[in-house]
Structure formats: structure tokens, C-alpha cells
Amino acid sequence: MPYLTSASAGLSSTGTHTGLGVPGCAHPLLAPAEWNELTRPGTPLHWVVLDVADGPGAQPDPHCLEAAGRLRNAGVRVLGHLDAAYGARPPAVLTADAHRFVQWYQVDGFLLDRCPADRAGLPDVRRTTRALRGLRDGAHIVLGHGTHPCPGYAEHADQLVTFSGPWSDYRWSQVAEWTADHPPERFCHFVHGLPRGHLDEALRIARWQGAATIWFTDRTDRAARGFRADPWEGMPGYWDEFVSRIGTGVSE
């Protein structure tokens, strides 16, 4: 599949191999074992998202400073979490949050979560990504659409999250035809509610659909008493097997 030629200048690569993009563990005080595990040598990480308090927080958090520093010292790219609220938060507000992430945590880039996917949202996202690149040389920018956006978004980010949702949807998902014009390292898939027995199948889907950065978990977004759980806040129950599968590959 051909690479972009007109818009790829300055875009950093994750490499050509399948690896993990961690959408954001719980706060290091609540999930110390998870953050420690992410620094284990040999873990195939493309990047890890740091979400202090729905963004950078009001002041530097010493526990997050330590966790981010350990990851970066281990050679892992750390991304600051920015909530675009599907276009409800203007570029200036997102840029202010990004500036705090850079100043306090020395992040390597940003995940623009809940990113718009339609053409109407593209101008603001374009302005935002330009401002983000001005804050950090070589900033790695991931647009978290969670679905296939209009193709124009691919010109303004290093990676696009083109699926984020439950296994019950992922196993029947279809890839947009325009993605074949770009290499797999441009795309990310996040899948929750994935049983251990279907892990190989999910890995094959990601490869067939051309997504090189993935995060699969058996955790779900269902919780008791009407509260919605965050399926990304902890490690999957099959963490060691997941890492092993990526390292060895899955035959088609």
C-alpha cells in the first residue's frame, strides 16, 4: 500500500510491526502495577496515553510525573490526553491543555480523543493539530475518532483511531476503502469486551484491516448501579498472552 506523499512531511512513524497503543491506564496511585508493567523491557509498545484528570489537571501531579518519566526513560512514547468532545472544545482550549502537558510532563505528542469525524469538524481539527505541532518538535498526533472519518483527516495526523468499541461490533466491522491508500502504521484499533478465546481472531482482523497499533482487552464498559466503567483503565486479564501473540505473530 502506498504512503502519503503530499502530507507526510514531519509525520513520525510507529514502525511497520504490530504494537500496542495504550489508551490510558487509571491514575498511577490506583493502578501502580499496570504502570510498572508498561516499563517491562521488550513490551511492544508504540505509545502510552497519560490522562491526569480528564486532561493535564490544574497543577503537576507528582505521581504522574514519575510514571511518565519512567516510561520515557524506558524509551516509550508518552502522549497527553486531550478531549475534543466531538468538536465542542475550541482549538484554543485544547492547545492550552496541550501546553500544560508539554510544560509539566514533557509528553511526546497527543491523543485527541473524541475527535470529530465529519467534514464540518475538519477545519478546527486542522487548526488544532497545527498548533500542537508548534508546541513540541516531532509531536506524534493521534486522532481518536473511534470510527472511519472522512479521508481528509489523514493529512493532519500521524495516526487515526478508526475503531473503538466492543468485540461484538469489531468482529463484524468493515474497513473503509480509502484506508488502502495508507500503510498500516497510520491506523489504530481499540477493542474491549474481547474474550481470551477470540484473541487470535481479533489480531487477524486488525491485520486484514491494516491497523498496526492495537489495544485489546476483556474488560467491558458495563458497571453496576448505572455507572459506565472505563474498559481501558486496567490491563486485560490475558496480558502476558496478548504480548506474546504480538511478538510471534498470528498466521492468516
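Which residue in S6 is the bridge partner of leucine 143?

## Basis of the model

This is a predicted model, in which local features need pLDDT of at least 70 and side-chain atom pairs count only at pLDDT 80 or more, while totals for chains, interfaces and linings use all residues. Residues are numbered from 1 along each chain as its sequence is written, and side-chain values use heavy atoms, with hydrogens and water left out.

The bridge partner of leucine 143 is leucine 160 in S6. Strand S5 (residues 140-144) pairs with S6 in the parallel sense over two bridges, where pairing requires that DSSP finds at least two bridges between the two strands. Helices (H or I, at least four residues) and strands (E, at least two) are DSSP runs, numbered from the N terminus.

S6 also pairs in the parallel sense with strand S7 (residues 187-192), here over six bridges, and histidine 189 in S7 is the bridge partner of phenylalanine 163. Strand S6 (residues 159-166) is largely enclosed by the rest of the structure, because six of its eight residues are buried; buried means under 20% relative accessible area, exposed over 50%, and partly exposed in between (1.4 Å probe, protein chains only).

## Threonine 128 in helix H4

Threonine 128 lies in helix H4 (residues 122-135) and is buried, with a relative accessible area of 2%. When its neighbours within four places in sequence are left aside, threonine 128 is in contact with Pro91, Leu94 and Leu112, contact being heavy atoms within 4.5 Å.

## Salt bridges

The structure holds twelve salt bridges, each defined as a side-chain nitrogen of Lys or Arg within 4 Å of a carboxyl oxygen of Asp or Glu. One of them joins the side chains of arginine 40 and glutamate 37 (2.9 Å, N to O), and arginine 40 is partly exposed at a relative accessible area of 34%.

In another, aspartate 108 and arginine 72 have their closest N and O atoms 3.2 Å apart. This pair links distant parts of the chain, 36 residues apart, with aspartate 108 in the loop between helix H3 (91-105) and strand S4 (109-113) and arginine 72 in helix H2 (residues 62-73). Aspartate 108 counts as buried at 14% relative accessibility, whereas arginine 72 is partly exposed at 32%.

Aspartate 200 forms a salt bridge with arginine 245, with the closest N and O atoms 2.5 Å apart. This pair links helix H6 (residues 199-209), which holds aspartate 200, to helix H7 (residues 239-248), which holds arginine 245, across 45 residues. Salt bridges that share partners join Arg196, Asp200, Glu241 and Arg245 into one network.
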